Amino acid sequence: MSRFQHPDDVNAPTWWKETFVYQIYPRSFQDSNGDGVGDLNGITMRLDDLQALGVETIWLSPFYRSPNDDNGYDISDYTDIDPQFGTMADFDRMLAGMKERGIKLVIDMVFNHSSDEHPWFQQARQSRESLFHDFYIWREGSPDQPPNNWPSIFGGSAWEWNAPTGEWYLHLFTRKQPDLNWANPRVREAIYESMRFWLDKGVGGLRFDVLAMFAKNPSYADIDLSKGGAALVDMFDAPQLHAYVQEMHREVLSKYDIYTVGEAPVDAITALDMIAPGRRELQTIYHFEHMLLDRGSLQITQATALDRRAFKSVLTRWAEQLEGKAWNTIYVGNHDQVRPVSRFGDDKTHRVASAKMLATLLFTHKGIPFFLAGEEIGMTNYPFATLDELDDVNARNMARLMLSQGKSEDEVFAAISSITRDHGRTPFQWDATPNAGFSSAERTWLPVNPNYTHINAAADRANGDSIWHYFQRAIALRKHTPALIYGRFTDLDPAHPAIYAYRRDHTTGSYLIMLNLLGAPVDYPLLDTFPNKTRILGNYADDGPLRPFEARVFRVES
Ligand code: GLC
């Protein structure tokens with residue numbers, strides 16, 4: 001057993017349970033060299049700003065060498081820096097700057113697939129005799145009939161014909177993202193080598209991209225597409241995945257004091273098999289259950305209305321089912337999603353109140369809070385006007401597919417513009433100077449949201465009542481309140497359609513949290529049933545009925 005794990009005591013205090021994770025999408029954070037794309041030196045420049053907010057852990061989306069078909073989630077060299085983002089010396093300087101400030105760095109491990117421009121694939125696709133051929137997943141057949149009906153998550157078939165070898169290769173994302181063959185021990189050893197490269201530099205954690213997909217169902221049988229998104233799991237082999245992750249833990253993870261999180265669209269019971277400490281796999285799972293409620297399936301094509309009661313019940317279920325057994329994560333936004341204030345709040349009339357309410361949820365619920373740069377100043381969705389403005393490969397593929405199915409351009413725009421991942425990726429709004437202080441370039445890789453003139457970090461930091469200051473307070477409150485980290489979670493009113501009312505109880509104290517998830521006031525008598533309570537955080541000045549998106553946090557004596 002490793003000295004870094006406490007298999008029998010889920011509640012044993014460790015740094016990663018007490019931290020929260022600030023996500024940076026490097027293209028969008030800060031451009032230091034005026035080319036319109038954010039970079040590593042830009043991040044280094046901004047470390048003091050992050051420290052002022054209270055940031056102790058940063059998750060940095062991919063910065064490795066990449067042709068950028070999927071903005072870095074298609075890697076052509078796992079141990080090099082993409083020139084757009086800088087050099088290895090820049091990386092080392094950034095990491096040193098983080099260490100000086102006590103900030104840990106979590107990096108993205110994208111090992112379900114590589115880029116088709118990775119030298120492994122370049123060689124593999126030339127000949128069946130190549131030493132690297134078996135690094136990928138191939139099937140024979142005729143060029144007009146894919147081996148099975150597996151769909152790519154980004155639309156279309158998951159198979160692409162490769163003429164030089166007369167075979168199909170599997171790509172669960174774009175055709176420039178061929179899936180690596182985890183069944184090959186040489187592939188796994190090469191992956192572990194890349195992981196050690198970064199861990200030996202002193203990286204503090206690893207986020208495993210689309211972890212649930214590493215092990216494929218060996219039958220490669222057709223799946224039942226009439227089941228919709230639920231059918232996708234039939235492409236995978238869960239027992240085999242556990243074997244891989246346990247090996248990875250034994251060979252690599254257990255040797256470092258790091259935080260680990262796997263991206264997997266699973267339910268809490270399934271997650272336990274991977275994150276219960278005795279399993280020796282991962283520490284946490286980053287699930288999608290609450291994020292899919294208003295999206296349908298992983299192959300997202302449109303948004304639907306969100307049922308707040310269902311949203312509460314997913315978050316409550318995870319807290320209850322993991323209680324005493326494993327550790328959770330909680331988030332409402334990332335680089336694959338639209339901005340949370342535009343989706344779960346109201347980015348017009350109640351932007352400030354709703355952004356603060358969402359911060360309260362993240363920092364008082366059970367689990368490690370994650371949020372994407374920009375949430376702390378309430379950045380909103382971008383007012384896209386045409387399909388041409390979209391950059392996201394998923395959005396563009398989906399749009400192409402829908403147009404080919406005969407949908408009109410207007411229909412396609414209406415569906416795709418509300419869900420495109422571009423909303424979460426527009427440049428960070430630092431101040432009211434041109435390009436929001438993100439870049440001195442004439443054109444930035446994605447346009448800056450025109451609302452930067454009033455929504456920006458400088459304005460928020462100058463105003464003590466801003467979203468930024470509220471995040472800072474919520475961060476400090478959680479950090480200094482063991483009950484908000486380790487305390488038991490109890491949902492007080494699961495049936496209520498708008499109010500999320502819950503408690504956190506711990507030997508050090510009890511807390512009561514009331515969140516109005518909707519934009520209308522609610523008279524809420526349950527509040528009065530706690531006579532001995534002291535208000536410690538909130539987004540409105542005084543008491544009374546719960547106002548639109550109101551959040552109140554109390555310390556309670558009973
Ligand atoms: C993950 C990433 C997403 C990427 C996909 C394929 O879901 O978060 O951005 O497109 O994996 O790597």
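I began with charged pairs and searched the whole structure, which gave 38 salt bridges. I keep in mind that this is a predicted model, and I write down each entry with that in view.

I then checked where the two partners sit, and found both in helix 6, which covers residues 185-199. Because arginine 196 and glutamate 193 are three residues apart in this helix, about one helical turn separates them.

Next I turned to the sheets, recalling that strands of a sheet pair through backbone hydrogen bonds, in either a parallel or an antiparallel way.

I looked up an open sheet of eight strands and noted its order as 11-10-9-5-2-1-13-12, the pairing being parallel. Its edges are held by strand 11 (284-286) and strand 12 (329-330), and since each has a single partner strand, one side of each is left without a neighbour in the sheet. Within this order I followed strand 1 (residues 21-24) and strand 2 (residues 57-60), which run parallel and are joined by three bridges. For tyrosine 22 I found isoleucine 58, in strand 2, as the bridge partner.

I then went to an open sheet of three strands, which has the order 6-8-7 and antiparallel pairing. Here strand 6 (138-140) and strand 7 (159-162) are at the edges, each with a single partner strand, so that one side of each lacks a neighbour in the sheet. I noted the twist as well, which averages 35° from one strand to the next. Strand 6 pairs with strand 8 (residues 167-170) in the antiparallel sense, over three bridges, and I recorded that tryptophan 138 stands opposite tyrosine 169 of strand 8.

Last, I asked which residues gather in a patch of negative charge on the surface.

Definitions and conventions: Residues numbered from 1 in each chain as written. Predicted model: local features only at pLDDT ≥ 70, side-chain atom pairs only at ≥ 80, totals over all residues. Heavy atoms only, no water. Patch = residues over 30% accessible without salt bridge, like charges linked within 9 Å, V, L, I, M, F, W, Y side chains within 5 Å. Areas by Shrake-Rupley, 256 points an atom, 1.4 Å probe, with all protein chains shown as cover. Salt bridge = Lys/Arg side-chain N within 4 Å of Asp/Glu carboxyl O. Lys, Arg positive; Asp, Glu negative; His and termini not counted. Charge placed at Lys NZ, Arg CZ, Asp CG, Glu CD. Pairing = 2+ DSSP bridges. Helix = DSSP H or I, 4+ residues; strand = E, 2+ residues; numbered from the N terminus. Axes fitted to C-alpha atoms, helices over the stretch in contact; angles between N-to-C directions.
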